Amino acid sequence: KVPKAQVRSASSAATLRSTLSEAKKQDDSVDPALYAQYFSFCTMKGPDGQKIALRNRDKVVKTLHDLNSKVATPICRKFGLRFSFFSEHHCQAKKAGVTVKEPMRLRKKNADGEEIEELRHLVTIRLRLRVHPTKGDPHKDFISRGTQMAVLLHELCHLKHMNHGKGFMLFLREIFAHAKTLGIFNPAELSNEIPSPWPWEQAIFRTGGDVEEEELLRLFAEDVAARKAKEAAKAATEGAEQPEAAEAHP
């Protein structure tokens, strides 16, 4: 008698092969060169940890190409930004987008023939185009165009500022304003399903960058003050609870 676990494993493998085969038929409708240019995931984890083939990879690749050619490229050209790769972020990842900089040391000879070492970076921008499984069906549900723009423009800003300080905020305003000028971002027609936790970034998205620096600095200062007050209150609460814990566990 074949163990049930083995039967389930064989069934899951067969289902995966079948789904991958079906996905391959969809992929054939896309220029193969695009698959070489844009990385996309082919599986995700199921409830029991099993691999589940992701459908509509063709849509992922086409969307990446569209965002790269119509948004990222003209923005980078305007502000002198550079990145190495543009790819999909996994649908089960917590963040909607990330910018990863990996150091790369190159050895070469200078004009005097001396060997020198130069530090460069391989930079990858990753966008989670599919909705998270907790928000919908990642096989067929994708984040809206407004959300794609919000995440992409945020990540492009990280090519110059890796933190979320005032410099990042003011540069993000410039990027949104230029995107609006190019006609690729219209705040009146787009919405963001994953709103920023920062009021100043919400204001930039809502106005398409048409917001005064003074207003942004005010929002920034208020947000910093509110976060510090929250942290202080949390620390005070935890400090007040410690004596009780000590009495309970002498």
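Three elements, β4 (97-109), α4 (145-157) and α6 (199-207), each supply at least two residues of the lining of the largest pocket; helices (H or I, at least four residues) and strands (E, at least two) are DSSP runs, numbered from the N terminus. A pocket here is an open set of points on a 1 Å grid over the protein atoms alone, where a 1.4 Å probe fits, with protein on both sides within 12 Å along at least five of seven lines, and its lining residues have an atom within 4 Å of a point. This is a predicted model, with local features needing pLDDT of at least 70 and side-chain atom pairs counting only at pLDDT 80 or more, while totals for chains, interfaces and linings use all residues. Residues are numbered from 1 along each chain as its sequence is written, and side-chain values use heavy atoms, without hydrogens and water.

The largest pocket has a volume of about 600 Å³, a volume being the space filled by probe spheres set on grid points joined across faces, edges and corners. Of its 25 lining residues, H154, E155, P197, W198 and E201 lie nearest the centre. The lining comprises 11 nonpolar, eight polar and six charged residues (Ala, Val, Leu, Ile, Met, Phe, Trp, Tyr, Cys and Pro are nonpolar, Asp, Glu, Lys and Arg charged, and the others, Gly among them, polar).

Within α6, W200, E201, A203, I204 and F205 are buried (under 20% relative accessible area, 1.4 Å probe, protein chains only). Just after this helix, G208 adopts a positive phi of about 65°.

The second largest pocket, at about 230 Å³, has R82, F83, H121 and L159 among its lining residues. Strand β5 (residues 115-127) contributes most to that lining, with four residues.

Technical notes. Buried means under 20% relative accessible area, exposed over 50%, partly exposed in between (1.4 Å probe, protein chains only).
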